[in-house]
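Please read the following briefing alongside the sequence and the 3D structure, which are shown here.

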Amino acid sequence: MKKMRLKWLGTRLTFMVIADANSKVVRFRLPVWTFLAAGLGLSLLIYFTMSFYNGQIRTTDQKEKLEGELSTQNLKYTLTVSEKNETIEHLQNDLIRLSQQADEVKAKIAELKKLEDEMKSLTGGVAMDSSSSVVIASAAPGVGGESRSVTNADMDGLVHNMESDFANLGAEMTGLFGSLTQTKQLVVEAQHQLAITPTIWPVSSRLISSGFGTRVDPFTFLPSFHNGIDIAGKLNDPVWATADGKVVSVGWDSTGGNNIIIEHTSELRTRYMHLNKFSVSKGDIVKKGQQIGLMGSTGRSTGYHVHYGVIKNGVTIDPRPYLKASRKED
Ligand SMILES: [Zn+2]
């Protein structure tokens, strides 16, 4: 069987080619296997061509797919970058706002310091050295003139300035707290000093019937020294302590009649004479403006009045400088 087939492959086929009626006939003979070989060759050629073509198509597809992916990625990156740029812009604006706020806080602290200086001067304390006050730098970069977008250097500068600003503000605030605490102590001390210093009139009347110093005595009509001031009023007008203190004497004598002595400090006392009635007892602690008695005409007196005396270190002095204010409820 095998030999038969191989023999068949060797069989030659004759071909005649006639171009036209007058031309010579071209004959040629070819064995069968050449056709088989040619067919196989053609098939292979077609197969490889198709394969190559398919390959080309796949490559193009992949290329297009890759390009598509790339452009999508690109778009994503562009979006991300623009988002980041927006975020950076927001942050920069926040930073500028913060720096402006720092300037506002600086200005407020400067105002506080000024206020504190005023408070100190009110209490009689020494005002702070003004050279330590804050100099306000102008805020808002880019106001007027040319305008350009900020650079990293600009922002770095701003951040650097803000850092030192906030560090300074922290130090200034700490200083201010310490200084305010001192001022508060000064105020408390000043309030205490004010409370224990006679400053108010002892009665509501402002009618001085006799001043401090040399005068003609109303009883003897001879020159004499008057060691207080007489303020005339009505019977039972309230008489008030002119400062915080301790009642050290409540009594009667032929000159002062019913009289009270209040000690305010170790060196300062006030005396109230010719009272009709007492409202306090010896040893009482009294507040400035508190009623201590009622106006009368007891002792060496010609009419309803209070004799008000101020005694400093045992010596009677002119009370006028101490009559500065009215009682609060007046
Ligand atoms: Zn008098």
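His 274 lies in strand β10, where strands (E, at least two residues) and helices (H or I, at least four) are DSSP runs numbered from the N terminus. This is a predicted model, in which local features need pLDDT of at least 70 and side-chain atom pairs count only at pLDDT 80 or more, whereas totals for chains, interfaces and linings use all residues. Residues are numbered from 1 along each chain as its sequence is written, and side-chain values use heavy atoms, with hydrogens and water left out.

**Residues with positive phi**

- Most residues other than glycine have a negative phi.
- His 274 has a positive phi of about 65° although it is not a glycine, and this histidine is buried, with a relative accessible area of 4% (buried means under 20% relative accessible area, exposed over 50% and partly exposed in between, with a 1.4 Å probe and protein chains only).
- Phe 221, likewise not a glycine, has a positive phi of about 60°; Phe 221 lies in the loop between β4 (213–216) and β5 and counts as exposed at 62% relative accessibility.

**The zinc site**

- The protein donors of the zinc ion are His 226 through NE2, Asp 230 through OD and His 307 through ND1, at 1.9 to 2.2 Å from the ion (donors are N, O and S atoms within 2.8 Å of the metal, or 3.2 Å for Na, K and Ca; water is not among the atoms, so sites may look incomplete).
- Along the sequence, these donor residues follow the spacing H-x3-D-x76-H, and the pair of Asp 230 in strand β6 (residues 229–232) and His 307 in strand β13 links distant parts of the chain, 77 residues apart.
- His 226 lies in strand β5 and is buried at a relative accessible area of 4%, while Asp 230 counts as buried at 7% and His 307 is buried at 5%.
- The side chain of His 226 also reaches the backbone oxygen of Gly 211 at 2.7 Å.

**The largest pocket**

- The largest pocket holds about 350 Å³ of space, a volume being the space filled by probe spheres set on grid points that are joined across faces, edges and corners.
- On a 1 Å grid over the protein atoms alone, a pocket is an open set of points where a 1.4 Å probe fits, with protein on both sides within 12 Å along at least five of seven lines, and lining residues have an atom within 4 Å of a point.
- The lining of the largest pocket consists of 21 residues, of which Arg 215, His 226, Asp 230, His 274 and Arg 300 lie nearest the centre.
- Two or more lining residues are given by each of β3 (207–210), β5 (223–226), β10 (268–278) and β13 (305–312), and the largest share, 3 residues, comes from β5.

**Other residues and the domains**

- Thr 242 sits in the loop between β7 (238–240) and β8 (245–253), counts as buried at 0% relative accessibility, and has a side chain joined to that of Tyr 308 by a polar contact of 2.7 Å (a pair of N or O atoms within 3.5 Å; within protein, one must be able to donate a hydrogen and the other to accept it, and residues adjacent in sequence count only if both atoms are side-chain atoms).
- Asp 318 is found in the segment after β14 (315–317) and is partly exposed, with a relative accessible area of 31%.
- The protein is divided into domain 1 (11–81) and domain 2 (207–322), with bounds that come from an automatic or database domain assignment, and the C-alpha centres of domain 1 and domain 2 lie 137 Å apart.
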